Amino acid sequence: MNLFILTGAGVSAESGLGVFRGPGAALWKRYNPIRLATPEAFAHDPALVHDFYNTRRRNLIAASPNAAHVALARLEAELARRGGAFTLVTQNIDDLHERAGSKNVIHMHGELLKARCASCGAVRDCRDDLSVDSRCGCGGALRPHVVWFGETPLDTDEIYEALAAAEIFVAIGTSGAVYPAAGFVRAARARGRRCCELNLEPSGNAEEFDDRRYGAASEIVPSWVEEILAR
Ligand code: APR
């Protein structure tokens, strides 16, 4: 079996990390993404942007993986043991998949526990607050190593290669609102692959999926993993 799994903010919601869209206190309802998550915003008011990501970084460090993260790590290990293939691509900038034991995670939107030099591009680990005084050895300003709106996602060649090879495409905890990730299901369908959606509610492109399961990730992902491993 060759599985391609895409995760979004919904998989980390029950770990206390906010989602961006949807009901309740979604991040982009409380904050303006144009003023916080664009290169222009960083150029205009880096202190405001640092403040936003510093708060999210502290919340992340205090958070823990949930049963959905743990189930996906188990699926990866079990499929490897059986000679199968497994690719986990996440839109999330948290490290909860890795903390749950996942090995091969592609962070297409970057990682909050890393910082990048805005001048030379050097990337380093970052668990502390960043500020306008945070500098790289080259003298460049440090910014969160995240992909902002208007920027190109990371590792897209590797992602499309894995997507092309996969037999089953699965989207977990994502609203299907942001491209290119929202277009993966169409690419998989175009190759006649089976597509499965696991989410709290139907996503924006729910009709593209053959198999749809709705509920909290910490409940529906472990039971789905049980089923897959029982096959
Ligand atoms: N279990 C399962 N799904 C959930 C849960 C839960 N406990 N809570 C919320 N969801 C679902 C919501 O129904 C919604 O469809 O998770 C989805 C989260 O959608 P978004 O908040 O839009 O997050 P995501 O799809 O990951 O956003 C994509 O947008 O803002 C940018 O770069 C950011 O990576 C992000 C991208």
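**Where the domains meet**

Modeller: Happy to! Domain 1 and domain 2 bury about 670 Å² between them, and 62% of that area is on carbon and sulfur atoms. On the domain 1 side, L17, I93 and R99 lose the most area to domain 2, together accounting for 57% of what that side buries. Please keep in mind that this is a predicted model.

As for the division itself, domain 1 is made up of 1-17 + 66-109 + 153-231, while domain 2 consists of 23-62 + 112-146. Their C-alpha centres are 26 Å apart, and the contact draws 9 residues from domain 1 and 10 residues from domain 2.

Turning to polar features, the count of salt bridges between domain 1 and domain 2 is 0, whereas 2 residue pairs are in polar contact across the interface. The side of domain 1 that touches domain 2 has 4 nonpolar, 1 polar and 4 charged residues.

Now for the ligand you asked about. There are 22 residues around the ligand, and F20, R21, T174, S175 and E201 come nearest. By class, this shell holds 10 nonpolar, 9 polar and 3 charged residues. A backbone N or O atom of F20 sits 2.6 Å from a ligand oxygen atom, and a polar side-chain atom of H109 is 2.9 Å from an oxygen atom of the ligand. For L200, a backbone N or O atom lies 3.1 Å from a nitrogen atom of the ligand. On its own the ligand has 740 Å² of accessible area, and the protein covers 93% of it.

Definitions and conventions
Residues numbered from 1 in each chain as written. Predicted model: local features only at pLDDT ≥ 70, side-chain atom pairs only at ≥ 80, totals over all residues. Heavy atoms only, no water. Domains from an automatic or database assignment. Contact = heavy atoms within 4.5 Å. Buried area = accessible area lost by both parts, 1.4 Å probe. Salt bridge = Lys/Arg side-chain N within 4 Å of Asp/Glu carboxyl O. Polar contact = N/O pair within 3.5 Å; in protein donor to acceptor, adjacent residues only side chain to side chain. Nonpolar A, V, L, I, M, F, W, Y, C, P; charged D, E, K, R; others polar. Near = heavy atom within 4 Å. Areas by Shrake-Rupley, 256 points an atom, 1.4 Å probe, with all protein chains shown as cover.
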